[in-house]
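Reader: I am new to this structure. Please pick one part and take me through it closely. Where should I start, and what should I look at next?

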Amino acid sequence: ILLPLSVLALRGSREKALLQPRFNELMQKQKDMNAEGNQEKVNEVTKELQAFTQKHGRFFMLKGVWNVLLLQVPLYVTAFA
């Protein structure tokens, strides 16, 4: 049972590793545009960021972590308690 879940967790963490640079780029772009004060560009970047979160989900950063939180931590706690 644990092996398929671990494989899914690895797949999720790889997907997160591919998405994280794009998300960081969009966040940096948004900070830069806010500093400039150009509302048109801020709105464009905000729309890009919203499209990203619509496509990949709001909590994409937690991909690959659910296995550890929901399965492995309780196993460790019950095994060593």
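**A close look, starting from one residue**

Author: Val-45 lies in helix α2. pLDDT is the predictor's confidence in each residue, from 0 to 100. The protein chain has a mean pLDDT of 84. In it, 96% of residues reach 70 or more. Confidence is highest in α2, at a mean of 91. It is lowest in α3, at 78. Where pLDDT is low, the predicted coordinates should not be read in detail.

Now stay with Val-45. Is Val-45 buried or exposed? Its relative accessibility is 4%. Buried means under 20%, so Val-45 counts as buried. What does Val-45 touch, leaving aside neighbours within four places in sequence? Its contacts are Leu-26, Lys-29, Gln-30 and Met-33. Take one more distance here. Val-45 and Gln-28 are 17 residues apart along the chain. Their C-alpha atoms are separated by 10.0 Å.

Follow the contact to Gln-30. Gln-30 is placed in helix α1, which runs over residues 2-36. Look at its contacts, again without residues up to four places away in sequence. Gln-30 touches Val-45, Thr-46 and Leu-49. Its relative accessible area is 17%. That is under 20%, so Gln-30 is buried.

Leu-49 leads on to the core. Which residues make up the largest nonpolar core? There are 6 of them: Leu-19, Phe-23, Leu-26, Leu-49, Phe-52 and Phe-60. Two elements give two or more residues to this core: α1 and α2, the latter covering 39-56. Helix α1 gives the most, with 3 residues. Leu-26, a contact of Val-45, is one of the core residues. In soluble globular proteins, nonpolar side chains tend to be buried together.

Leu-19 is then in contact with Phe-52, His-56, Phe-60 and Lys-63. Phe-52 and Phe-60 are core residues too.

Next come the charged side chains. Side chains of opposite charge can pair when their charged atoms come close. How many salt bridges does the structure hold? It holds 3. Begin with Glu-25 and Arg-22. Their side chains meet in a salt bridge, at 3.0 Å from N to O. The two residues are 3 apart in helix α1, so about one helical turn separates them. Glu-25 is partly exposed, at 41% relative accessible area. Arg-22 is partly exposed as well, at 33%.

Arg-22 has another partner. Glu-48 forms a salt bridge with Arg-22, with the closest N and O atoms 3.2 Å apart. This pair links distant parts of the chain: Glu-48 sits in helix α2 and Arg-22 in helix α1, 26 residues apart. Glu-48 counts as partly exposed, with 29% relative accessibility.

Glu-48 also forms a salt bridge with Lys-29, where the closest N and O atoms are 3.9 Å apart. Why does this pair tie together parts that are 19 residues apart in sequence? Because Glu-48 lies in helix α2 and Lys-29 in helix α1. Lys-29 is partly exposed, with a relative accessible area of 30%. Through shared partners, the salt bridges join Arg-22, Glu-25, Lys-29 and Glu-48 into one network.

Now move along α1 to another spot. Ala-9 lies in this helix. At 8% relative accessibility, Ala-9 counts as buried. Beyond its neighbours within four places in sequence, Ala-9 is in contact with Gly-64 and Asn-67. Ala-9 and Val-65 are 56 residues apart along the chain, yet their C-alpha atoms are separated by 6.7 Å.

End at the surface. Leu-8, Trp-66, Leu-69 and Leu-70 form a nonpolar patch there. Together they have about 420 Å² of accessible area. Which element gives the most to the patch? Helix α3, residues 66-80, gives 3 residues. Leu-69 lies in this helix. Its relative accessibility is 51%, so Leu-69 counts as exposed. Read the α3 details with its mean confidence of 78 in mind.

Technical notes:
Residues are numbered from 1 along each chain as its sequence is written. This is a predicted model: local features need pLDDT of at least 70, side-chain atom pairs count only at pLDDT 80 or more; totals for chains, interfaces and linings use all residues. Side-chain values use heavy atoms; hydrogens and water are left out. Patches are made of residues with over 30% relative accessible area and no salt bridge: like charges are joined within 9 Å, nonpolar side chains (Val, Leu, Ile, Met, Phe, Trp, Tyr) within 5 Å. Accessible areas come from the Shrake-Rupley method with a 1.4 Å probe; for residues, only the protein chains shown count as cover. A salt bridge is a side-chain nitrogen of Lys or Arg within 4 Å of a carboxyl oxygen of Asp or Glu. Helices (H or I, at least four residues) and strands (E, at least two) are DSSP runs, numbered from the N terminus. Buried means under 20% relative accessible area, exposed over 50%, partly exposed in between (1.4 Å probe, protein chains only). Contact means heavy atoms within 4.5 Å. A nonpolar core is a set of buried Ala, Val, Leu, Ile, Met, Phe, Trp, Tyr and Cys residues joined through side-chain atoms within 4.5 Å.
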